[in-house]
Amino acid sequence: MEHFRPVIEGVSDNEGIEITLTCNLESFQFIIRFLQEMDCKMRTKIAEEINHSNVLNIMVTAEFLKLPDIYEMAWNDYFWP
């Protein structure tokens with residue numbers, strides 16, 4: 001995930017780093033609801049469900065599914081309000 005690059009670039013080979021995230025059912029369900037919704041107002045309402053508990057899983061799932069627009073939406077809406 002490109003947004004972790006600045007965090008791990010400075011880590012030397014002997015330091016090590018571990019980032020563990022999983023794609024979960026709730027993230028897939030969020031993405032499916034978002035993609036199926038055609039109304040912009042409803043998409044905005046769905047996007048408002050992104051919070052500290054689910055943002056990283058949504059981003060990981062979007063990256064896995066090759067959905068860069070949803071990945072960027074989650075990044076921008078949550079980390080750059």
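**A salt bridge and a covered helix**

Let's start with a pair of side chains: Arg33 and Glu49 meet in a salt bridge, 2.4 Å from N to O. The pair ties together distant parts of the chain, with Arg33 in helix α2 and Glu49 in the loop between α3 (40-47) and α4, 16 residues apart. A salt bridge here is a side-chain nitrogen of Lys or Arg within 4 Å of a carboxyl oxygen of Asp or Glu, and a search of the whole structure turns up one. Side chains of opposite charge can pair when their charged atoms come close. As for cover, Arg33 is partly exposed at 38% relative accessible area, and Glu49 is partly exposed at 34%. On this scale, buried means under 20%, exposed means over 50%, and partly exposed is in between (1.4 Å probe, protein chains only).

A word on what you're looking at: this is a predicted model, where local features need pLDDT of at least 70 and side-chain atom pairs count only at pLDDT 80 or more, while totals for chains, interfaces and linings use all residues. Residues are numbered from 1 along each chain as its sequence is written, and side-chain values use heavy atoms, with hydrogens and water left out.

Now step back to the fold. The protein has five helices and zero strands, so the pattern along the sequence reads α-α-α-α-α. Helices are DSSP runs of H or I with at least four residues, strands are runs of E with at least two, and both are numbered from the N terminus. Of the 81 residues, 23% count as buried. Among contacts with a separation of 6 or more, 58% come from residues 24 or more positions apart; a contact means heavy atoms within 4.5 Å.

Which helix is mostly covered? That's α4 (residues 55-64), with seven of its 10 residues buried: Val55, Asn57, Ile58, Met59, Val60, Thr61 and Ala62. What do they pack against? The buried residues of α4 pack against α2 (25-36) and α5 (68-79). After α4 comes Lys66, with a positive phi near 60°.

Leu56 also sits in α4, but Leu56 is partly exposed, with a relative accessible area of 32%. Together with Phe79 and Trp80, Leu56 makes a nonpolar surface patch of about 310 Å². Patch members have over 30% relative accessible area and no salt bridge; like charges are joined within 9 Å, and nonpolar side chains (Val, Leu, Ile, Met, Phe, Trp, Tyr) within 5 Å. Overall, the protein exposes about 6,000 Å², with carbon and sulfur atoms supplying 56% of it. Accessible areas come from the Shrake-Rupley method with a 1.4 Å probe, and for residues only the protein chains shown count as cover.
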